[in-house]
Amino acid sequence: MQRVIFVDGAFVPAAEARVSVMDRGFLFADGVYEVSAVLGGSLVDNDAHLARLHRSLAEIGISDPHPAAEWRRLQEELVRRNGLDQGSVYIQVTRGAAERDFGFAEDLAPTVVMFTQAKDILGLAVRRTGAAVVTVPDLRWARRDIKSTGLLAQVLAKRDARAAGAHEALMVEDGFVTEGGSSSLLIVTRDGRLVTRPLSRAVLPGITRLAAMRLAAEEGLAVEERPVSVEEAIGAAEVLLSSATTFVVPVVSIDGRPVSDGAPGPLARRLMELYVAEARLAAERGPR
């Protein structure tokens, strides 16, 4: 099957997909993006992802090109055309194309690009083995709550993690973890509380993070939002990473130091089971 990309209102073969070199997303990273997982051909937690996309656009002053129902229709059509069973749908919206200048006209037409990526979300080996992570300084800009396409700090952090043989990099600021390079951090304390950093401009409001918090509460765990230090994470009973395309991944070491007994813990496995079951049930019910 030939890969199909959505560009500015048209579904086109990947080889024909084009964006102007004068696009402000290319020249200034002047845009935002969103990623929704696909499981069994159905979008997962998609309403929340589209709401976050709408918020990110509003925060940088770009009008949302589509209402949520139209976004959903386009995503589902893209999934269908690409025959995607498991993976993700990526959306990118930039301010549009114009002569390179820091200033911009208010009436620019946004550039919209969407594509799918196949990925065996359920069969990720790291979920069975657990993830090694390393810490790096958080070098990002001050508005991390906006899902900006400006990802150079994360690219470099992921490079450092890969060089160290690790799965993910944890961003650290003033001794406290903000989040992972492409994930949220949650820990389980020795007395059985789920703890994660509170939302602010310092972190992205993770959609899967929110689902994990809700599911943990439904399982009877107390949920607490507060900063988590590197040392507290290392000493935790469990450490979890959450993201749209990995769901829940257990962390077994931080900077070479084992977390608990150095093996995936029971809550990570339970949350994964619950999240997948919920996603499948939602898919069976269909769009609301």
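A: A salt bridge is a side-chain nitrogen of Lys or Arg within 4 Å of a carboxyl oxygen of Asp or Glu. Side chains of opposite charge can pair when their charged atoms come close. The model is predicted, so local features need pLDDT of at least 70 and side-chain atom pairs count only at pLDDT 80 or more, while totals for chains, interfaces and linings use all residues. Residues are numbered from 1 along each chain as its sequence is written, and side-chain values use heavy atoms, with hydrogens and water left out.

Q: How many salt bridges does the structure hold?

A: The structure holds 26 salt bridges. One of them joins R95 to D30, with the closest N and O atoms 2.7 Å apart. R95 lies in the loop between β5 (86-94) and β6 (111-118), and D30 in the loop between α1 (24-28) and β3 (31-39), 65 residues apart. Helices (H or I, at least four residues) and strands (E, at least two) are DSSP runs, numbered from the N terminus.

Q: Are R95 and D30 buried or exposed?

A: Buried means under 20% relative accessible area, exposed over 50%, and partly exposed in between (1.4 Å probe, protein chains only). Both R95 and D30 are buried. In another salt bridge, R144 meets D138 at 3.4 Å between the closest N and O atoms. R144 counts as buried because its relative accessibility is 8%, and D138 is buried at 9%. Shared partners join D138, R140, R144, E173 and E179 into one salt-bridge network.

Q: Which aromatic pair is stacked, and how is that decided?

A: Rings of Phe, Tyr and Trp (its six-membered ring) pair if their centres lie within 6.5 Å; planes under 30 degrees apart count as stacked, over 60 as edge-to-face and the rest as tilted. The structure holds 5 aromatic pairs. Y33 and Y90 form a stacked pair, 5.5 Å centre to centre with 20° between the planes. This pair links strand β3, which holds Y33, to strand β5, which holds Y90. F247 and Y275 form an edge-to-face pair, at 4.8 Å and 75°. F247 is in strand β15 (residues 247-254) and Y275 in helix α8.

Q: At what angle do helix α6 and helix α8 pack?

A: Axes are lines fitted to C-alpha atoms, for helices over the stretch in contact, and angles run from 0 to 180 degrees between N-to-C directions. Helix α6 (residues 207-218) and helix α8 (residues 266-285) pack at about 110°, with axes 10 Å apart. Angles under 35 degrees count as roughly parallel, over 145 as roughly antiparallel, 65 to 115 as roughly perpendicular and the rest as oblique. α6 and α8 are therefore roughly perpendicular to each other.
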